[in-house]
Amino acid sequence: MRLRESRLIYRVLWVLVVMMLVMVVVVKEGMCISLGDIEKWKEEKNVEALIMALRDEDSDVRKAAAEALGEIGDKRAVGVLISALEDKDLHSEAWEVLMGILRSDKLSLAQREEIIDKIDSALPIKVINIDGVSIKDDRYIQS
């Protein structure tokens with residue numbers, strides 16, 4: 001190989017390396033999450049990744065992540081789901097997942113009470129009763 005050809009190959013490789021580094025930075029900052037990722041994480045029971053997906057800018061991704069967390073039923077998602085109650089696109093899904101977690105037989109009474117207290121302190125001042133559990137939320141009360 002001649003010197004000129006090897007320099008050209010070196011330059012091409014250098015450009016490719018730089019492009020790959022830029023792509024890594026863009027993906028890390030943008031975190032382009034697909035619905036396929038959500039399905040994979042659900043199958044793997046990757047709760048941390050699904051919690052991260054609840055912050056995605058795509059509402060379909062957030063909804064799918066909330067539903068996946070509901071199917072897994074892991075209490076680690078409670079805090080972020082309570083925060084998601086304020087997301088107009090995710091409110092219903094977050095509420096349903098929280099209610100599913102509360103109904104789960106995986107939780108002790110003390111754990112249920114702790115979750116109810118967290119929900120109670122995060123929501124407006126109206127009270128509803130679901131399966132014998134009183135929870136505040138004026139968005140679900142019909143006047």
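K45 lies in the loop between α2 and α3. In this predicted model, the residue has a positive phi of about 55°, although K45 is not a glycine. Most residues other than glycine have a negative phi. K45 is also exposed, because its relative accessibility is 55% and the cut-off for exposed is over 50%.

The chain as a whole contains 7 helices and 2 strands. Along the sequence, the pattern runs α-α-α-α-α-α-α-β-β. The chain has 143 residues, and 34% of them count as buried. Contacts between residues at least 6 apart in sequence were also examined. Of these, 44% join residues at least 24 apart.

In soluble globular proteins, nonpolar side chains tend to be buried together. Here, the largest nonpolar core has 36 residues. Those with the most contacts inside this core are I38, L50, L54, L81, L98 and I119. Six elements are listed as giving two or more residues to the core: α2 (35–44), α3 (47–53), α4 (59–72), α5 (78–84), α6 (91–103) and α7 (109–122).

L50 is part of helix α3. With a relative accessibility of 0%, L50 counts as buried, because buried means under 20%. I38 and L50 are 12 residues apart in sequence, and their C-alpha atoms are 6.8 Å apart in space. Beyond four places in sequence, L50 touches I38, W41, K42, A65, A68, L69 and I72.

I51 and V80 are 29 residues apart along the chain, yet their C-alpha atoms are separated by 7.0 Å.

The packing of α2 with α4 was examined next. Two packed helices are described by the angle between their axes and the distance between the axes. For α2 and α4, the angle is about 10° and the axes are 9 Å apart. The two helices are therefore roughly parallel to each other. From α2, the contact involves L35, I38 and K42. From α4, the partners are D60, V61, A64, A65, A68, E71 and I72. The residues of this contact divide into 7 nonpolar and 3 charged, with no polar ones.

Helix α4 has 14 residues. From its first C-alpha to its last, α4 reaches 20 Å, close to the 20 Å expected at 1.5 Å a residue. Its buried residues are V61, R62, A64, A65, A66, A68, L69 and I72. An α-helix has 3.6 residues a turn, so residues three or four places apart point the same way. The buried residues of α4 pack against α2, α3, α5 and α6.

Helix α6 has 13 residues. Its reach, first C-alpha to last, is 18 Å, close to the 18 Å expected at 1.5 Å a residue. The buried residues of α6 are H91, E93, A94, W95, V97, L98, M99, I101 and L102.

Terms used. Residues numbered from 1 in each chain as written. Predicted model: local features only at pLDDT ≥ 70, side-chain atom pairs only at ≥ 80, totals over all residues. Heavy atoms only, no water. Core = buried A, V, L, I, M, F, W, Y, C linked by side-chain atoms within 4.5 Å. Buried < 20%, exposed > 50% of the residue type's maximum accessible area, 1.4 Å probe, protein only. Helix = DSSP H or I, 4+ residues; strand = E, 2+ residues; numbered from the N terminus. Axes fitted to C-alpha atoms, helices over the stretch in contact; angles between N-to-C directions. Parallel < 35°, antiparallel > 145°, perpendicular 65-115°, else oblique. Contact = heavy atoms within 4.5 Å. Nonpolar A, V, L, I, M, F, W, Y, C, P; charged D, E, K, R; others polar. Expected span 1.5 Å × (residues − 1).
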